[in-house]
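What follows is a reading of one structure, taken from its confidence scores to its ligand shells and then to two local details. Please keep the sequence and the coordinates open alongside the text.

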Amino acid sequence: MEEGEKMKVGLLGATGYSGAVLYSLLKQHPKVAHIDLYGHKKEAKSTEFLDTTIPAYLNEHVELQEFDPAVIIDKDDILFCATPSGVTNKLARPFIEKNFPLIDLSGDFRFKDPAVYSKWYNKPAAPAEQLQKACYGLAEFNKLTSNYIANPGCYATASLLGLAPLVIDKLIVPDTIVIDAKSGVSGAGKKPNATNHYTFINENAWLYKLNKHQHIPEITQQLQAWDADIPAIQFTTTLIPVTRGIMATIYVKAATGVTLDGLRRSFQQHYQNKKFVRVLANGVPSIKEVTGSNYCNIGFDYNKVTNTIVVVSVIDNLMKGAAGQAVQNFNNLFNFPEDAGLPSMPVFP
Ligand SMILES: NC(=O)C1=CN([C@@H]2O[C@H](COP(=O)(O)OP(=O)(O)OC[C@H]3O[C@@H](n4cnc5c(N)ncnc54)[C@H](OP(=O)(O)O)[C@@H]3O)[C@@H](O)[C@H]2O)C=CC1
Ligand SMILES: CC(=O)N[C@@H](CCC(=O)OP(=O)(O)O)C(=O)O
């Protein structure tokens, strides 16, 4: 790419929650000249438009074109896929073969071992040689080593950013990590069902996928890349009646000699140059402090009595947990300013 040149981007899944947010970010991105939208329903070919599916996007009378990898590789510079799991592992091959840039919001390319994916997602995995060609894009920590970027999961992002300094600096007892995470309902995508129905989740809280959540192996894989001594994690997910937001509350036993000042130094050192991670000087964050933004806010404390470190990490699941981090990875891949196209302020109040 020549300096100053703008890009043509393709987007599959713009009619879903994270795809719609991605569309709105890319639309205002200073380095994006044009967005091609692609659909998947053959019968709707030439008849599906963004504004008819998403009433909030009334001014966006943009047609969803037929998905054809050869056409995309020819006319776009990158493809974003905001599709459910089990979709990109069937369509990635031509993009990987041509080394065409692709940012994948699904879980399909997050694991190196296909057996782990098929066990936790209950679906056939992409071939091992394709998985090897993808890189896991935890934007604050992982160098992008390939053009196929597996954007991390929402719970995984909040949990890993909360744990990274403690694990990398070996400040914890490795087998004591407990993560109690909560998510807003948009995390489940746009399809209505019995447990995201208003009458079920309003004024309710529901712990789901106990010991079976697909982000358990994703978090573990990255923690073990930082410290091979981490054996496993205890992880729970609870649906709460908010539209956007994740709060991961992390409990872990401190290694010998750890102090609150030592923890402060570690978090400060790891995040002082990271624009999108804000470490609170005191106290712990609430979800609304990051809503609508790409920030992860982190607060922590150390309880000497129980020798327990508690970290609270909050993100907007559709931003830092999905579309925002995807744009951050896009910026990193093409050496654009890391915050290009990303809002500098959360929505308040
Ligand atoms: N929601 C969130 O907070 C987060 C989501 N993710 C991941 O991002 C991905 C998208 O999630 P989300 O936006 O919630 O999902 P949604 O269900 O809201 O949207 C899914 C999108 O994918 C399209 N789609 C469905 N099936 C296919 C297919 N076979 N081929 C092509 N496109 C298809 C849908 O089209 P149509 O409108 O026609 O149905 C829709 O545009 C998922 O993999 C999810 O796990 C990751 C982090 C957070
Ligand atoms: C609230 C809610 O249901 N959240 C979803 C998040 C799914 C997700 O983001 O899926 P992948 O990262 O695995 O692609 C869940 O817990 O399964």
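The protein chain has an average pLDDT of 97, and 98% of its residues score at least 70; pLDDT is the predictor's confidence in each residue, on a scale from 0 to 100. The ipTM of the model is 0.99 and the pTM is 0.98. This is a predicted model, in which local features need pLDDT of at least 70 and side-chain atom pairs count only at pLDDT 80 or more, while totals for chains, interfaces and linings use all residues. Residues are numbered from 1 along each chain as its sequence is written, and chains are lettered from A and ligands numbered from 1 in the order in which they are written.

Ligand 1 has 27 residues around it, of which Thr15, Gly16, His40, Ser106 and Gly189 come nearest. A residue is near a molecule if its C-beta atom, placed from the backbone, lies within 6 Å of it. Two or more residues of this shell come from each of helix H1 (17-27) and helix H12 (319-333), and H1 gives the most, with three residues. Helices (H or I, at least four residues) and strands (E, at least two) are DSSP runs, numbered from the N terminus. The shell around ligand 1 divides into nine nonpolar, 15 polar and three charged residues. Here Ala, Val, Leu, Ile, Met, Phe, Trp, Tyr, Cys and Pro count as nonpolar, Asp, Glu, Lys and Arg as charged, and the others, Gly among them, as polar.

Around ligand 2 are Ser85, Ser106, Gly107, Gly153, Cys154, Ser183, Gly187, Ala188, Gln214, Thr237 and Leu239. This shell holds three nonpolar, eight polar and no charged residues. At least three of its residues come from each of domain 1 (7-152 + 321-333) and domain 2 (155-317), with bounds from an automatic or database domain assignment.

Helix H11 (residues 260-271) has twelve residues and spans 17 Å from first C-alpha to last, close to the expected 16 Å, which is 1.5 Å times one less than the number of residues. Its buried residues are Leu263, Ser266 and Phe267. They lie on the same side of H11 because they cover an arc of only 95 degrees around the axis, taken from the directions from the helix axis to the C-beta atoms. On the other side of H11, Asp261, Gln268 and Gln269 are exposed. Buried means 20 or more other C-beta atoms within 10 Å of the residue's own, exposed means 12 or fewer, and partly exposed lies in between.

Pro192 sits in the loop between strand S8 (178-183) and helix H9 (198-201). Pro192 counts as exposed because it has 10 C-beta neighbours inside 10 Å.
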